[in-house]
Amino acid sequence: LPQYGTHCFYVCDRKHKITNMEHSKKQEKISLIGMGSVGMSALSGVRRIMRQNANLQIPYSCSYMQWSGTELSTEKGNNPTNAEDIVVNVNDIIDFSKFERLTFVIAGLEEKTGAQANVIAEALQKNGNTVIGIGILPYDVEGATEKAKHALKLLGEKATATIVLHNQQIKEQYGKMPLASDLQEAHNVIAEVIFHISSNNY
C-alpha cells in the first residue's frame, strides 16, 4: 500500500471457510471489515465466537483496516507539502470490488480510523454493496463521546443501515465486570447481529 509522507495505511485481508458445508450452501458469503483498533479487536472477537459456536457459523471474508493522521475521501485526493493536509482517495488504496454484496463495517467511532467509517461505507455503496454499519461508542471515561456521536451520524448517512453498540450501556447492564468480560459481551452481541441479519433478512 502507498505511504503519504509519514502516513501509513494497513489493510489486511483474511479468508475463512466454514466446515458445515450444508449450511454453507444455504448461506450467501458476506464481508466483514474491522476499522481501527477497537473495530479490529471486535472483528477478531466475532471470528473467535463464530468458530466456537456452530449455530453462528456463516461463510465470510474479512479485512482489518488501520491508518493514522490522514483524511480519506471518495473524491479526488491530494498530496500537499504539509503532511497534515493530506487527503487520500480511498479508491486508490482499497479495491472495493473484492467485497461481498452484503458487507458489515465494524468501527470504534472515537478513533481516527473508525471515525472515517462513513467514507468506507460510501465507497461500498457506490460499488453496489449493501452496507451495515456497526458503530461502537466509547465508555464515558474515555471522554470522546461527542466526537464518536458525530462519527455515528456521518456513518448513518452513508450506510444502508446502522447499528449502535454503546460500551458504557453494556457495562451498566452487566454490572461491575472486568473489562475483558464487557468486551466479550459486546462481541457476542455483534456476532449474533451479523448472523441474524445475514441469515434471515438478506
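Predicted model: local features only at pLDDT ≥ 70, side-chain atom pairs only at ≥ 80, totals over all residues.
**Entry 1: confidence**

Residues are numbered from 1 along each chain as its sequence is written, and side-chain values use heavy atoms, with hydrogens and water left out.

Helices (H or I, at least four residues) and strands (E, at least two) are DSSP runs, numbered from the N terminus. Confidence is lowest in strand S1 (residues 3–4), with a mean of 36, and highest in helix H3 (residues 117–126), at 94.

**Entry 2: strand S3**

I checked burial next (buried is under 20% relative accessible area, exposed over 50%, partly exposed in between; 1.4 Å probe, protein chains only). Strand S3 (residues 30–35) has six of its six residues buried, so the rest of the structure largely encloses it. Ile 30, Leu 32 and Gly 34 point one way from S3, and Ser 31, Ile 33 and Met 35 point the other way.

I looked up the neighbours of S3, counting two strands as paired if DSSP finds at least two bridges between them. S3 runs parallel to strand S4 (residues 60–67), with six bridges; Ile 33 has Ser 63 as its bridge partner there. S3 also runs parallel to strand S7 (residues 102–108), with five bridges, and there Gly 34 is partnered by Ile 106.

**Entry 3: salt bridges**

I found three salt bridges in the structure, each a side-chain nitrogen of Lys or Arg within 4 Å of a carboxyl oxygen of Asp or Glu. Lys 126 and Glu 122 meet at 3.4 Å, N to O; both lie in helix H3, four residues apart. Lys 126 is exposed at 56%, whereas Glu 122 is buried at 17%.

Glu 122 also bridges to Lys 158, at 3.9 Å between the closest N and O atoms. Lys 158 lies in helix H4 (residues 145–158), so this pair ties together parts 36 residues apart in sequence. I recorded Glu 122, Lys 126 and Lys 158 as a salt-bridge network.

How values were computed
pLDDT = per-residue confidence, 0-100.
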